[in-house]
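Please read the following report alongside the sequence and the coordinates. The account begins with confidence and then turns to a helix pair and a single side chain.

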Amino acid sequence: MNASASGTAARTSLPRVVAASLIGTTIEWYDYFLYGTAAALVFGKLFFPHSDPLTGTLLSFLTYAIGFAARPIGALVFGHFGDRVGRKKLLVLSLLLMGGSTTAIGLLPTYDSIGVAAPVLLTALRLVQGFALGGEWGGAVLLVSEHGDQRRRGFWASWPQGGAPAGNLLAAGVLSLMTSVQSESTFLAWGWRVPFLLSAVLVGIGMWIRLAVDESPLFQAALAAQRNRPVVEQPPLVGVLKHHWREVLVAMGARMAENISYYVMTTFVLTYAVTHAHFAKQSALNAVLIASAVQFALIPLFGALSDRVGRKPVYLVGATGVGIWAFVFFGMVDTHSFGSLVLAVTIGLVFHSAMYAPQAAFFSEMFATRMRYSGASIGAQFASVAAGAPAPLIATALLKDYGSATPISVYIAIAAAITILAVLCGRETRGQDLTEAARQEGQPGQEGQPADASAAGKPAVA
């Protein structure tokens, strides 16, 4: 099995795999964040024009949140087939689905043209985006994790995580450029469509790169071993829920502060800065753009730090920091200073990076090879329904009801407390040998007793 794994790894260098995963996730997150940014700035006017501005934004964020409902479904479907037929094929499919739906949004008629059918179609395409992203994350981080070694896994696996700030940076940058060179009326008339249509070009680039990368060597070795066993394998989902339910709960709890803080501090902040603190749209977009650039540079550093001191300590620093910073964040935005706005978002994303960077390796190391795609994806994406999905919606509703950002800060702090508890309940995974885990895992989820450690209630990658 080692020979097979090493032979495959030799065909595709680790930096090339990292580049393919990073570029692919950047494109997918660009598509996803582009919707969130547009929901904060223009969709309320285009698809819900008969509501007052804040209510229109609220309805726009509702369509944004609905997309998260499809992410667990995507996690289940992509996780199942990713653990059965491979990581690479599913990553190609997720990129096609995401790019196609985003391009279609750029072609949608608005409410003024076709009435209520416009927001209905918008919501349907958002569901496709959510389904695709639900399968993207797990496959991208696993492809890197399973090509690398345990000594620097935190560093290498953190690079696909950089696709989130890179995608946000690209989305905010394109929209900022469009708003800077166009009048408000021109941007609302057709300028907002350009960033969505650009997705078609980006997907073509991403497909070219991803198709050139080999399948995970660990998956290929585990699949070959399974073919030599005369037993019936249960679906990966069954194995995850039977043997790794504790790890799934830890992953879900770990995502609460990470997910909620990110969408409040990068998506909702656009609405808050423009409607409540009276910043220009371009200023708000530029603040997120600058902060995302800083975060992109920090993520590999925090990933490398987790290789030295452990996943849990780095994650806990981020969760604690974001819970405290939430009470400073809105006060800095309310100063009406662009510098304070940039600093508020940037420091918030520094703490977020401390959670997000080690997350890829942390979650990957919790599960055995033939159920790793399912386990990591389920833990990550089911949490997004309760965390990231309603975060801008809840924040907007709290602002509307109380006229103050303090309840929003409390909301983030509660999420931070949940994450701290979850991470403390999890085990430290730094240094796990995934190759050894694949060799010893036997066939978890088979009829009868699995051969791996999880059959005795122990982690599969101990």
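This is a predicted model: local features need pLDDT of at least 70, side-chain atom pairs count only at pLDDT 80 or more; totals for chains, interfaces and linings use all residues.

Across the protein, pLDDT averages 83, and 89% of the residues score at least 70. Residues are numbered from 1 along each chain as its sequence is written, and side-chain values use heavy atoms, with hydrogens and water left out. Local features need pLDDT of at least 70 and side-chain atom pairs count only at pLDDT 80 or more, whereas totals for chains, interfaces and linings use all residues.

Helices here are DSSP runs of H or I with at least four residues, numbered from the N terminus. Helix α17 (residues 311-333) and helix α18 (residues 338-364) have axes, lines fitted to C-alpha atoms over the stretch in contact, that come within 8 Å and cross at roughly 160°. Because angles over 145 degrees between N-to-C directions, on a range from 0 to 180 degrees, count as roughly antiparallel, α17 is roughly antiparallel to α18. The contact of α17 with α18 has 21 nonpolar residues (Ala, Val, Leu, Ile, Met, Phe, Trp, Tyr, Cys and Pro), five polar ones and two charged ones (Asp, Glu, Lys and Arg), the others, Gly among them, counting as polar.

Thr123 lies in helix α7 (residues 117-145). Thr123 counts as buried because its relative accessibility is 16%, the cut-off being under 20% with a 1.4 Å probe and protein chains only. Leaving aside residues up to four places away in sequence, Thr123 touches Thr63 and Ile66.

How values were computed: Helices (H or I, at least four residues) and strands (E, at least two) are DSSP runs, numbered from the N terminus. Angles under 35 degrees count as roughly parallel, over 145 as roughly antiparallel, 65 to 115 as roughly perpendicular and the rest as oblique. Buried means under 20% relative accessible area, exposed over 50%, partly exposed in between (1.4 Å probe, protein chains only). Contact means heavy atoms within 4.5 Å. pLDDT is the predictor's confidence in each residue, from 0 to 100.
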